[in-house]
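Please open the model in your viewer and keep the sequence panel beside it. The stops below say what to select next and what is there.

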Amino acid sequence: MADPDARDLFPGALEMMVLRLLKLEPMHGYALVQRIQQASRNLLQVEEGSLYPALQRLLKEGLVKAEWGVSATNRRVRIYRLTPAGAKHLTQEMSSFERMFQGINLVLSLRET
Amino acid sequence: MTLLDRLFRRRRLYDDLSEEIRAHLEQRADDLVARGMSRKDALIEARRAFGNVTNIQEQGRDTWQWPTLDSFLRDATFALRQLRRTPALTAIIVTTLAVGIAASSTVFSWTRAILLDPIPGAAQPNDVMALESTTPSGSWTPVSWLDYRDFRRYLRSFDDLAASYPVALALGEAPRSERVRAELVSANFFDVLRVHPALGRFFETQLDDAPGSQPLAIISHGLWQSRWHGDPAVIGQVVEINRFPLTIGGVAPKNFHGSLPGEDVQLWVPATMVGQIMPTVSSLLHDRGWRTFRVLARVATGHTQRAAADEVRRFGTFMSNVNGERSTGMSAMLLPIWRSHWGVQDGLRAPLMVLLGACALVLIVVCANMATLLLTRATARRRELALRMALGAPRARLLRQLLTEASILALAGAFLGLVCTFWFTRAFHLFVPQFAAPSLLDPHVDGAVVGFTIALACAVTLLAGIAPALHGSRERYDDALRDGARFSAGTHATRLRGFFVVAEMALAVIALVSAGLFYDSVARTREVAPGFTTEGVAIGSVSLTLAGYDSAYADDFLQRVAERVAREPGIRAVSYTDYVPLSLGSGSWEDLQIEGYAPAANENMKTTRAAIGPGYFHALGIPLLDGRDFRFDDDSSHTPVMIVSEAFAHHFLDGRTPLGVRVRGWGKWFTIVGVAKDVKTFRLTEPATPYFYVPIRQVYRPEYGYTFVARGPAATVDQTVRAIEHGVAAIDPSVPVYGAMPLTDYIDAPLRGPQTAARLLALLAAVSLVLAAIGLYGVVSYSVTQRAKEIGLRVAFGARKADVVRVVGGQAAVLLAFGLVIGLAGALALGRLVASLLFGVSPADLSIFAAACVTMILITIAAVLLPARRAMSVDPATVLRGD
């Protein structure tokens, strides 16, 4: 399912994406994986399992909350929800990421003279 | 989320995670099945897409765990690798730590044996205090049996009071008897100390009123093992003690060594048996003025020690009023055991305290040094740390890593130190020579000492580890990475290291000055002339109570031995005495009344004395300034006579002719027949004090311990020692001679403590000096590396070598100046504190302070030499291009 040319993520990227998706709506782990693959058009190489340690870290930091609920397919799943702290963290991370991305872009887009 | 919450929730969190992962896999499989895959393939594919389930579960769990043993081990392995990479640094830190910790633990073990745990084996020992009588002049004296009985009966602040009279007794039948350290005790002695027998029973407590009614002896565990090989049938056996049969009633527990701090008592006999085992002193049970007991009082629960002390003082004064002339002006006081006067702790307290202080000082220097070195390394590892932080390592994690390193160093140092301590504690006999206190227990390394060492290691970790760790982990990684190539340290680190080096140098100055002061003090003490000849003089003691002699036979025996020894080849003079000058003990005194002398109000007329045989002054080379020596016929059938010291004549008989003046003591009048030159009696450092001599045959002596004094050629003093032993054996082979040795060795004993203390201080000063030099070297050498570019520039612009040296030396000079000023001020303050322990040297002795300064300057130059040479060889072309 992943594109053979897909790239590995840098540390913190997965967390950032999870927070972004949870900002849209609360969802469970499997749904998150599907949404990431969908939204990134399979450009990113995300091992499905690696989502869970990331979720645990976010839980521990208090950036997300989780509670047991029932999925659309009537299965018992844990549904994650963004906390206010998580929302704040997301804003910070995104702006810092954007600056870095900009910086990298500027360097890469230098024309040869 | 509180820690506790998390602890309980962790289990559930793990279950949640497993269930969640299972749900994920099933959902994925369902989707795949919906797309037409077989169920079996779908499950396999779902797992493949998910990755390693176990691994991921573990990762998830790790998030919730605190530092586990596992991660500590990881930290430790990493730290070990780091330490191995800098072996010289590691070796310096561990060795200096080991020295500092070993010295501290050793002195602690000595202090513990003597001061902190004065009565091992007693339960709730902190409630047990010493009760002492006080004389009108305020000095202490032992308590008489009758006073003790009254204290016990009327004092309300105590559960109970016990009395003990430390003596030496002969155990076993005459020719093969052994001399054992014993206590004559009140029957409740063991109950007051709350000690329970290992075997048999202790004394019946209600029998204190009936002299002679309890012919029992309690033996120590050690004696039981050595003499009876631990045979339980020992209970009920009859054993001769001072030739009187006593039944062994019980064995004391293994960890109980009697009530004398640091001493190993082996035998306890009821004080009420004194009439049977020491007939000559039996009246001490009836004579209120015969003060020989040490009293131990257990403060009752609900009473404070202060209130108890108040009651003792009030009641002591009240009692002296009631008891009239026997106790006029006297009172009583209550002291913690470690401050009480009876026992070795009295003389060892001050030197031990000085040593403890010095050890603490050195340990602080060691810590400061370790902190400097770790800080240097933390700075060198700046990039590594910054990188790790950039990669997401939390600050707490780095802090832990750095502290782990510090604690590994501290533990290694503590371990090595402890090993040394086991070995060092034996050096105790350098401090207190064995012959001076033969029954002294060897201090040993026990749980408390090990605990102390571990506590030291923890303190070292915190003291020396925290600053570098905080510093290292507070590094801003972006800064460090940006200028990392140039590798410069922040001003913060530089300042911190400067601070530590100044502290080390200041402490080294203090250590140097104190070592100098104590060394000088001991040297000055040794220069003091004792006032008697020690060269060629040998001594040897006998205890005639042990041999069961009565007084008439004892007098005869002493004279016959003296005559016999005098016939040995080379012997020039022989005599005997009941007190050898400069012994570690305190000697005996008598309350005097002097014709024509009116004592001032509250003047203490208790004057110290020696009972001697004829020829004593000749044997010890003490000049007689006036009158005559004692003769053999100065005995009970002739007029009592006395020889007084110069100071005695000066103080009591100011201007009068001493000869013929009458002095009253022991209930009779003595006539002064001679004046002897002053000698040092107790300590070389004492001023001339009134002292007097009486003929042994004319006074009543409770204890028959005598020392023969023989003078021969200096070269053959060992022969003279043997001559005494042969002489005694020739007259009565059943009398054992103990303590036979050259007099020079004997009077050296009181000097050993201070001398060993001075030597240890010197050693500790040397250690702190080396450490200060290492610290300084580290800072200067580091700054040369750091400023290589600047130095290169200067050289490029024409600076000469001298200028370069000035740049490098300037920094060292500033550190030295700060260190010296603070150190000298500290040494002055400390000197004032220890002034009372010094002899013949001012605590502000200019030459010692100057010597300390010069030493520090030399050390500074030595430490700067290498870095300065490196600085001079800086090649501007290389360093300026280097970046």
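Two strands are said to pair if DSSP finds at least two bridges between them, and the elements named here are DSSP runs numbered from the N terminus, helices being H or I of at least four residues and strands E of at least two. This is a predicted model, in which local features need pLDDT of at least 70 and side-chain atom pairs count only at pLDDT 80 or more, while totals for chains, interfaces and linings use all residues. Residues are numbered from 1 along each chain as its sequence is written, and chains are lettered from A and ligands numbered from 1 in the order in which they are written.

Begin with the strands of chain A. Select β3(A), residues 76-82, together with β1(A), residues 27-28, and you will find the two paired in the antiparallel sense over two bridges; A:His28 has A:Ile79 as its bridge partner in β3(A).

Next, select α1(A), residues 13-24, and α4(A), residues 84-108. Their axes (lines fitted to C-alpha atoms over the stretch in contact, with angles from 0 to 180 degrees between N-to-C directions) lie 10 Å apart at an angle of about 125°. The contact (C-beta atoms, placed from the backbone, within 7 Å) involves A:Met16, A:Leu19, A:Arg20 and A:Lys23 of α1(A), and residues of α4(A) including A:Leu90, A:Met94 and A:Phe97.

Now display both chains. Where they touch, chain A supplies 18 residues and chain B 21 residues; on the chain A side, α2 (29-39), α3 (51-61) and β3 each give two or more, and α3(A) gives the most, with five.

Finally, turn to chain B, which has 26 helices and 24 strands. Of its 883 residues, 45% are buried, that is, have 20 or more other C-beta atoms within 10 Å of their own, against 12 or fewer for exposed and in between for partly exposed, with C-beta atoms placed from the backbone. Select B:Val362, B:Val509 and B:Ala511, which touch the most other members of the largest nonpolar core, a set of 110 residues; such a core joins buried Ala, Val, Leu, Ile, Met, Phe, Trp, Tyr and Cys residues through C-beta atoms within 7 Å. Apart from it lies another core of 64 residues, including B:Tyr148 and B:Trp224.

Notes
Two residues are in contact if their C-beta atoms, placed from the backbone, lie within 7 Å.
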